[in-house]
Amino acid sequence: MIELLTHANHLDNLNCADGKTPSYDSQKYQGEVRDLRALYDAILAQAQAENPIALATGKPGRTKQSKAANLIGRLRDYSDDVWRFMTQANVPFTNNLAEQTVRMPKVKQKVSGCFRTLHGAQTYCVIRSYCATMHKQGANIFDSLAAAFKGAPPQPTFG
(Lines give C-alpha, C1' and ligand atoms only; values in the text may rest on other atoms or scores of the structure.)
Protein backbone atom coordinates (compact mmCIF):
# COMPACT_ATOMS: atom_id res chain seq x y z
CA MET A 1 0.00 0.00 0.00
CA ILE A 2 2.85 2.36 0.86
CA GLU A 3 4.49 1.73 -2.50
CA LEU A 4 1.20 2.30 -4.33
CA LEU A 5 0.48 5.60 -2.60
CA THR A 6 4.03 6.93 -3.00
CA HIS A 7 3.91 5.98 -6.69
CA ALA A 8 0.58 7.82 -7.00
CA ASN A 9 2.14 10.87 -5.32
CA HIS A 10 5.02 10.71 -7.80
CA LEU A 11 2.55 10.64 -10.72
CA ASP A 12 0.65 13.56 -9.25
CA ASN A 13 3.89 15.53 -8.85
CA LEU A 14 4.77 14.83 -12.49
CA ASN A 15 1.28 16.01 -13.49
CA CYS A 16 1.94 19.31 -11.69
CA ALA A 17 5.64 19.67 -12.59
CA ASP A 18 7.36 22.69 -14.08
CA GLY A 19 4.70 25.12 -12.92
CA LYS A 20 2.23 23.91 -15.54
CA THR A 21 -1.47 23.72 -14.84
CA PRO A 22 -2.34 20.18 -13.72
CA SER A 23 -4.28 18.18 -16.29
CA TYR A 24 -6.63 16.37 -13.91
CA ASP A 25 -9.34 16.12 -16.57
CA SER A 26 -7.25 14.49 -19.29
CA GLN A 27 -8.31 10.99 -20.35
CA LYS A 28 -4.81 9.62 -19.82
CA TYR A 29 -4.55 10.93 -16.25
CA GLN A 30 -8.07 9.78 -15.37
CA GLY A 31 -7.19 6.30 -16.68
CA GLU A 32 -4.06 6.22 -14.50
CA VAL A 33 -6.08 7.24 -11.45
CA ARG A 34 -8.70 4.60 -12.23
CA ASP A 35 -5.99 1.90 -12.53
CA LEU A 36 -4.38 2.97 -9.27
CA ARG A 37 -7.74 2.96 -7.47
CA ALA A 38 -8.43 -0.58 -8.78
CA LEU A 39 -5.06 -1.71 -7.43
CA TYR A 40 -5.84 0.04 -4.13
CA ASP A 41 -9.13 -1.86 -3.87
CA ALA A 42 -7.35 -5.15 -4.68
CA ILE A 43 -4.76 -4.53 -1.95
CA LEU A 44 -7.55 -3.76 0.54
CA ALA A 45 -9.40 -6.95 -0.44
CA GLN A 46 -6.24 -9.00 0.10
CA ALA A 47 -5.60 -7.28 3.43
CA GLN A 48 -9.19 -7.95 4.49
CA ALA A 49 -8.75 -11.65 3.67
CA GLU A 50 -5.55 -11.78 5.74
CA ASN A 51 -7.06 -9.76 8.63
CA PRO A 52 -10.73 -10.72 8.87
CA ILE A 53 -13.16 -8.79 11.01
CA ALA A 54 -13.64 -10.41 14.44
CA LEU A 55 -17.08 -11.95 14.88
CA ALA A 56 -19.44 -10.80 17.59
CA THR A 57 -18.74 -12.43 20.95
CA GLY A 58 -22.25 -12.11 22.31
CA LYS A 59 -21.19 -9.46 24.82
CA PRO A 60 -22.93 -6.08 24.64
CA GLY A 61 -21.26 -3.33 22.63
CA ARG A 62 -19.00 -3.43 19.62
CA THR A 63 -16.57 -6.27 19.18
CA LYS A 64 -12.94 -5.16 19.51
CA GLN A 65 -11.09 -5.36 16.20
CA SER A 66 -7.36 -5.61 15.52
CA LYS A 67 -5.47 -2.46 14.59
CA ALA A 68 -5.00 -3.86 11.07
CA ALA A 69 -8.74 -4.47 10.65
CA ASN A 70 -9.52 -0.95 11.88
CA LEU A 71 -7.00 0.55 9.44
CA ILE A 72 -8.38 -1.47 6.54
CA GLY A 73 -11.90 -0.30 7.40
CA ARG A 74 -10.84 3.35 7.54
CA LEU A 75 -8.92 3.09 4.26
CA ARG A 76 -12.00 1.58 2.62
CA ASP A 77 -14.53 4.00 4.18
CA TYR A 78 -12.46 7.09 3.42
CA SER A 79 -10.94 6.02 0.10
CA ASP A 80 -12.17 9.17 -1.68
CA ASP A 81 -10.40 11.28 0.94
CA VAL A 82 -7.22 9.20 0.66
CA TRP A 83 -7.16 9.79 -3.11
CA ARG A 84 -8.23 13.45 -3.08
CA PHE A 85 -4.64 14.61 -3.69
CA MET A 86 -4.83 12.94 -7.12
CA THR A 87 -7.95 14.84 -8.23
CA GLN A 88 -7.65 18.32 -6.71
CA ALA A 89 -4.73 20.67 -7.20
CA ASN A 90 -4.63 22.30 -3.76
CA VAL A 91 -4.75 19.10 -1.69
CA PRO A 92 -1.32 17.96 -0.44
CA PHE A 93 -0.30 14.30 -0.28
CA THR A 94 0.14 14.46 3.50
CA ASN A 95 -1.38 16.50 6.28
CA ASN A 96 1.98 17.08 7.99
CA LEU A 97 1.69 20.87 7.75
CA ALA A 98 -1.69 20.84 9.50
CA GLU A 99 -0.41 18.51 12.21
CA GLN A 100 2.67 20.67 12.79
CA THR A 101 0.47 23.75 13.13
CA VAL A 102 -1.71 22.10 15.78
CA ARG A 103 1.24 20.61 17.69
CA MET A 104 2.42 23.74 19.59
CA PRO A 105 -0.96 24.66 21.11
CA LYS A 106 -1.38 21.04 22.22
CA VAL A 107 2.08 21.02 23.80
CA LYS A 108 1.30 24.29 25.60
CA GLN A 109 -1.99 22.86 26.81
CA LYS A 110 -0.26 19.71 28.08
CA VAL A 111 2.55 21.58 29.85
CA SER A 112 0.38 24.16 31.59
CA GLY A 113 -2.60 21.85 32.02
CA CYS A 114 -5.04 24.22 30.34
CA PHE A 115 -5.64 27.77 29.29
CA ARG A 116 -7.01 29.65 32.29
CA THR A 117 -9.41 31.86 30.35
CA LEU A 118 -11.01 31.83 26.93
CA HIS A 119 -9.48 35.25 26.26
CA GLY A 120 -6.01 33.89 27.08
CA ALA A 121 -6.50 30.93 24.73
CA GLN A 122 -7.72 33.21 21.94
CA THR A 123 -4.80 35.62 22.42
CA TYR A 124 -2.33 32.73 22.33
CA CYS A 125 -3.92 31.40 19.13
CA VAL A 126 -3.78 34.81 17.41
CA ILE A 127 -0.08 35.27 18.26
CA ARG A 128 0.73 31.68 17.31
CA SER A 129 -1.15 31.98 14.02
CA TYR A 130 0.66 35.22 13.13
CA CYS A 131 4.06 33.68 13.93
CA ALA A 132 3.29 30.53 11.92
CA THR A 133 2.15 32.58 8.92
CA MET A 134 5.22 34.79 8.98
CA HIS A 135 7.48 31.74 9.34
CA LYS A 136 5.83 30.03 6.34
CA GLN A 137 6.45 33.17 4.31
CA GLY A 138 10.14 33.23 5.25
CA ALA A 139 10.04 36.30 7.49
CA ASN A 140 12.15 36.59 10.63
CA ILE A 141 9.67 35.93 13.45
CA PHE A 142 11.56 37.97 16.05
CA ASP A 143 11.75 40.99 13.75
CA SER A 144 8.06 40.58 12.87
CA LEU A 145 7.04 40.51 16.54
CA ALA A 146 9.32 43.42 17.40
CA ALA A 147 7.79 45.47 14.58
CA ALA A 148 4.30 44.49 15.76
CA PHE A 149 5.04 45.77 19.26
CA LYS A 150 6.32 49.02 17.75
CA GLY A 151 2.98 49.44 15.96
CA ALA A 152 4.10 48.63 12.42
CA PRO A 153 3.61 44.87 11.97
CA PRO A 154 4.64 43.41 8.64
CA GLN A 155 1.52 42.04 7.03
CA PRO A 156 1.44 38.51 5.63
CA THR A 157 0.87 38.24 1.89
CA PHE A 158 -2.03 36.16 0.63
CA GLY A 159 -2.32 34.52 -2.73
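These legends describe close-up views of a predicted model. In this predicted model, local features need pLDDT of at least 70 and side-chain atom pairs count only at pLDDT 80 or more, while totals for chains, interfaces and linings use all residues. Residues are numbered from 1 along each chain as its sequence is written, and side-chain values use heavy atoms, with hydrogens and water left out.

**View 1. The largest nonpolar core.** The core holds 16 residues. Ala8, Leu36, Tyr40, Trp83 and Met86 touch the most other members. The elements giving two or more residues to this core are α1 (2-15), α2 (27-50) and α3 (67-77). Helix α2 gives the most, with six residues. A nonpolar core is a set of buried Ala, Val, Leu, Ile, Met, Phe, Trp, Tyr and Cys residues joined through side-chain atoms within 4.5 Å. Buried means under 20% relative accessible area, exposed over 50%, and partly exposed in between (1.4 Å probe, protein chains only). Helices (H or I, at least four residues) and strands (E, at least two) are DSSP runs, numbered from the N terminus. In soluble globular proteins, nonpolar side chains tend to be buried together.

**View 2. Contacts of Met86.** Met86 touches Ala8, Asp12, Tyr24, Tyr29, Val33 and Leu36. Residues up to four places away in sequence are not counted. Contact means heavy atoms within 4.5 Å.

View 3. The structure holds four aromatic pairs. The rings of Tyr40 and Trp83 have centres 5.4 Å apart and planes at 90 degrees, so this pair is edge-to-face. The pair links distant parts of the chain: Tyr40 lies in helix α2 and Trp83 in the loop between α4 and α5, 43 residues apart. Tyr40 and Trp83 are both buried. The rings of Phe85 and Phe93 have centres 4.9 Å apart and planes at 80 degrees, so this pair is edge-to-face. Phe85 is buried, with a relative accessible area of 2%. Phe93 is partly exposed, at 34%. Tyr40, Trp83, Phe85 and Phe93 form one aromatic cluster. Rings of Phe, Tyr and Trp (its six-membered ring) pair if their centres lie within 6.5 Å; planes under 30 degrees apart count as stacked, over 60 as edge-to-face and the rest as tilted.

**View 4. The largest pocket.** This pocket has a volume of about 270 Å³. Of its 14 lining residues, Val82, Pro92, Phe93, Thr94 and Asn95 are the closest to its centre. The elements giving two or more residues to the lining are α1 and α4 (79-82). Helix α1 gives the most, with three residues. By class, the lining has eight nonpolar, four polar and two charged residues. On a 1 Å grid over the protein atoms alone, a pocket is an open set of points where a 1.4 Å probe fits, with protein on both sides within 12 Å along at least five of seven lines; lining residues have an atom within 4 Å of a point. Grid points are joined across faces, edges and corners, and a volume is the space filled by probe spheres set on the points. Ala, Val, Leu, Ile, Met, Phe, Trp, Tyr, Cys and Pro count as nonpolar, Asp, Glu, Lys and Arg as charged, and the others, Gly among them, as polar.

**View 5. The second largest pocket.** Its volume is about 190 Å³. Lining residues include Leu97, Met104, Arg128, His135 and Ile141. Helices α5 (96-112) and α6 (118-136) are the elements that give two or more residues to this lining. The lining divides into five nonpolar, three polar and three charged residues.
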